Amino acid sequence: MIMSIKVRYFASLKESLGRSEEEQAFGQPLTVREVWQRANAGKPLPPHILAAVNMDYVDLDSTVQDNDEVAFFPPVTGG
Amino acid sequence: MAIKISATEFDPWQEIQIYQNSALRAGQFGATNAFIGTMRDFNDGAEVKGMTLEYYPGMTEKQLEKIVGEAQQQWAVLDALVIHRVGAVLPNEPIVLVAVWTAHRGDAFDACRYIMEALKSKAPFWKKELLVSEDERWLAANTKGYKTD
């Protein structure tokens, strides 16, 4: 089964990667960390980066499902 | 409860009054606690002339609703209003409003503080400052909120 995952990036991470979102297709279940690695050619996840799946915070070791939206972003600085 | 993301300048005092008149019954509440965050023209040793606030549409609102829900579980909150600016912001413009209505003051102080601190650490907003020197810089992390120098 092919899993289709939307990957999004925000703020300084988006700027340094030069893109804000992409669709990725995977042939097997992956963790959030593996989604990052597949989407970024094995480049290590920068320190302090947070992750969300379907707009909820998750651990990098949690597993993604078909049609999930995975987001990576730096520590938040609102307020 | 109301959560608003505003792409334009808002008047927090007017918003508090309008919301109170529309959502709360006179006589029901005995305490209103409001926090307003305003943009400074200095930060971290530099003069700042503007900033851009980015957010994650959908997740930001979802996390703010969750935070207010957590406060409602811990304190006797009658109602709460959260407004946060996004986009281009200038010094002296309000960035954030957290207002909480309760019957008694302790619940109002504590719930407002909780919502504000949780917003600072969990709500997906990111600030990019434009300095007077024309340099731009992303803020790396929020501070604990006390003067340190």
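I count two strands as paired if DSSP finds at least two bridges between them. Helices (H or I, at least four residues) and strands (E, at least two) are DSSP runs, numbered from the N terminus.

**Ground rules.** I am working on a predicted model, where local features need pLDDT of at least 70, side-chain atom pairs count only at pLDDT 80 or more, and totals for chains, interfaces and linings use all residues. Residues are numbered from 1 along each chain as its sequence is written, chains are lettered from A and ligands numbered from 1 in the order in which they are written, and side-chain values use heavy atoms, with hydrogens and water left out.

**Chain A, sheet.** I looked up the strand order first. Five strands of chain A make an open sheet, β2-β1-β5-β3-β4, with mixed pairing. At the edges I find β2 (21–26) and β4 (56–57) of chain A, each pairing on one side only. I then followed β1 (residues 3–9) of chain A, which runs antiparallel to β2(A) over six bridges. A:Ser4 has A:Ala25 of β2(A) as its bridge partner.

**Chain B, around β4.** I checked the partners of β4(B) one by one. With β3(B) the pairing is antiparallel over two bridges. B:Phe42 faces B:Glu47 of β4(B) there. The two strands form a hairpin with two residues between them, and B:Asp44 in the turn shows a positive phi of about 50 degrees. β8(B) pairs with β4(B) over seven bridges, again antiparallel. β6 (residues 87–89) of chain B also pairs antiparallel with β4(B), over three bridges. I looked at B:Leu53 in particular. This residue stands opposite B:Lys127 in β8(B), and its bridge partner in β6(B) is B:Gly87.

**Interface.** I counted contacts next (heavy atoms within 4.5 Å). Chain B puts in 27 residues and chain A 20. The buried area is about 1,900 Å², with 56% from carbon and sulfur atoms. By buried area I mean the accessible area (1.4 Å probe) that two parts lose on being put together, summed over both.

**Salt bridges.** My rule is a side-chain nitrogen of Lys or Arg within 4 Å of a carboxyl oxygen of Asp or Glu. Over all chains the search gives 15. Three cross the interface of chain B and chain A. A:Asp56 and B:Lys62 meet at 3.0 Å, N to O. B:Glu54 pairs with A:Lys14, the closest N and O atoms being 3.1 Å apart. That pair runs from strand β4 of chain B to helix α1 (residues 11–17) of chain A.

**Largest pocket.** I searched a 1 Å grid over the protein atoms alone; a pocket is an open set of points where a 1.4 Å probe fits, with protein on both sides within 12 Å along at least five of seven lines, and lining residues have an atom within 4 Å of a point. The volume of the largest one is about 1,200 Å³, taken as the space filled by probe spheres set on the points, which are joined across faces, edges and corners. I list 39 lining residues, with B:Arg40, B:Asn43, B:Lys120, B:Thr143 and B:Gly145 nearest the centre. Elements giving two or more residues include β4 (46–55) and β8 (125–131) of chain B. α3(B) gives the most, seven residues. The lining splits into 16 nonpolar, 12 polar and 11 charged residues. Here Ala, Val, Leu, Ile, Met, Phe, Trp, Tyr, Cys and Pro are nonpolar, Asp, Glu, Lys and Arg charged, and the others, Gly among them, polar.
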